[in-house]
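Here is a short report to read alongside the model.

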Amino acid sequence: MPTTEAAPSRAGGRDADTPQPRRVSSSLVLTMLLLLVMLLQAPVGRALSAPVMQSWMTVFVAVVVQALPFLVLGVLLSAAIAVFVPPSFFVRALPRRAALAVPVAGAGGAVLPGCECASVPVAGALVRRGVTPAAALAFLLSAPAINPIVLTATAVAFPRNPEMVLARFAASLLVACAMGWMWQRWARTDWLRPPDRPSFEGLGKGAAFWGSVRHDVVHAGGFLVVGAMAAATLKAVVPAGWLQSAAGNPVVAVLALGLLAVLLSICSEADAFVAASLSQFSLTARLTFLVVGPVIDLKLFAMQAATFGRGFAMRFAPVTFAVAVLVSVLTGAVLL
């Protein structure tokens, strides 16, 4: 009588004889990277010693070092809002009508002592807590430009032009309110992706707070690095002589400093000193630099795309730039 072969044993749905893929350990990857660095030490050293690379590294490190403390501040505030502040607080604090909530939220940006890197995660937390996106976006745009630290730095940088402080405050608040109202009037709901956030339900408030902090630091920090790399690359390849030739034409000067603010991605706590050093440009052109930088630059675009979606950033950024330039020119004509 023929014997019946036993069916091959299976484990986890796979044949026992099927070779399992080997996992590459992290220590092996690190060893290989160290060996590669040692082998390429000489060419890498020559490349890093080139003036262009030194300029690139200087800008990259400066952008990250300037922005990182305020990014951490924004992440801490975002986590605190998400965990400790009940949604009903914002319902009571802001007017029910979005048209009124926008200027109230914009003026509320004056209380956040941080830069644009801090305002993005906080604005994301406001949207998650039920604040109308128009009001959250007004806060996002106003906070980096009208808070006390930035206005104080502006006064120190322009001691002979104290009117620059009022001009920056007025223009930045107008841009924030205008963008909030425009978003409320014309934007579609699907243009803004609700900020992702892992669920921390069932955890204590302390565990939920630190879990939220870790998530936002890794998420927003990665895009900050990408934006800083882009800013450093563009700064290293733009010829310095272009700025001198652009300053002679009023229209070109305004557009040039607006674009320069986007490319340099300087933290709003430091941009006033850079603007003051561009003395070959008019005060209106330098005001444009101060108004555009905190509302749209490379790192801010990357962080907005990470928080609210690429579709949002692609629509929001160019309109914000145009509104910021227009408002800066009008404000400069009146106050400067």
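## Ground rules

This is a predicted model, in which local features need pLDDT of at least 70, side-chain atom pairs count only at pLDDT 80 or more, and totals for chains, interfaces and linings use all residues. Residues are numbered from 1 along each chain as its sequence is written, and side-chain values use heavy atoms, with hydrogens and water left out.

## The chain as a whole

The chain has 16 helices and two strands. Both are DSSP runs numbered from the N terminus: helices are H or I with at least four residues, strands are E with at least two. Of the 336 residues, 43% count as buried, meaning under 20% relative accessible area, with a 1.4 Å probe and protein chains only.

The accessible surface comes to about 17,600 Å², and 70% of it belongs to carbon and sulfur atoms; such areas come from the Shrake-Rupley method with a 1.4 Å probe. Take the contacts between residues at least 6 apart in sequence: 82% of them join residues at least 24 apart. Contact here means heavy atoms within 4.5 Å.

## Helices H12 and H16

Two packed helices are described by the angle between their axes and the distance between the axes. For H12 (residues 250-264) and H16 (residues 310-335), the axes come within 11 Å and cross at roughly 135°. That makes H12 oblique to H16, since oblique covers whatever is left after under 35 degrees (roughly parallel), over 145 (roughly antiparallel) and 65 to 115 (roughly perpendicular). The axes are lines fitted to C-alpha atoms over the stretch in contact, with angles running from 0 to 180 degrees between N-to-C directions.

Which residues of H12 and H16 meet? Val 254, Leu 255, Gly 258, Leu 259 and Val 262 in H12 meet Phe 321, Val 325 and Val 329 in H16. These contact residues divide into seven nonpolar, one polar and no charged; Ala, Val, Leu, Ile, Met, Phe, Trp, Tyr, Cys and Pro count as nonpolar, Asp, Glu, Lys and Arg as charged, and the others, Gly among them, as polar.

## Two buried residues

Val 83 lies in helix H3 (residues 51-84) and is buried, with a relative accessible area of 16%. Leaving aside residues up to four places away in sequence, Val 83 touches Lys 205, Ala 208 and Phe 209. The C-alpha atoms of Val 83 and Ala 207 are separated by 9.8 Å, although the two are 124 residues apart along the chain.

Ser 142, in helix H7 (residues 133-146), is buried with a relative accessible area of 0%. With residues up to four places away in sequence again not counted, Ser 142 touches Ala 105, Gly 106, Gly 109 and Ala 176.

Note on methods:
Buried means under 20% relative accessible area, exposed over 50%, partly exposed in between (1.4 Å probe, protein chains only).
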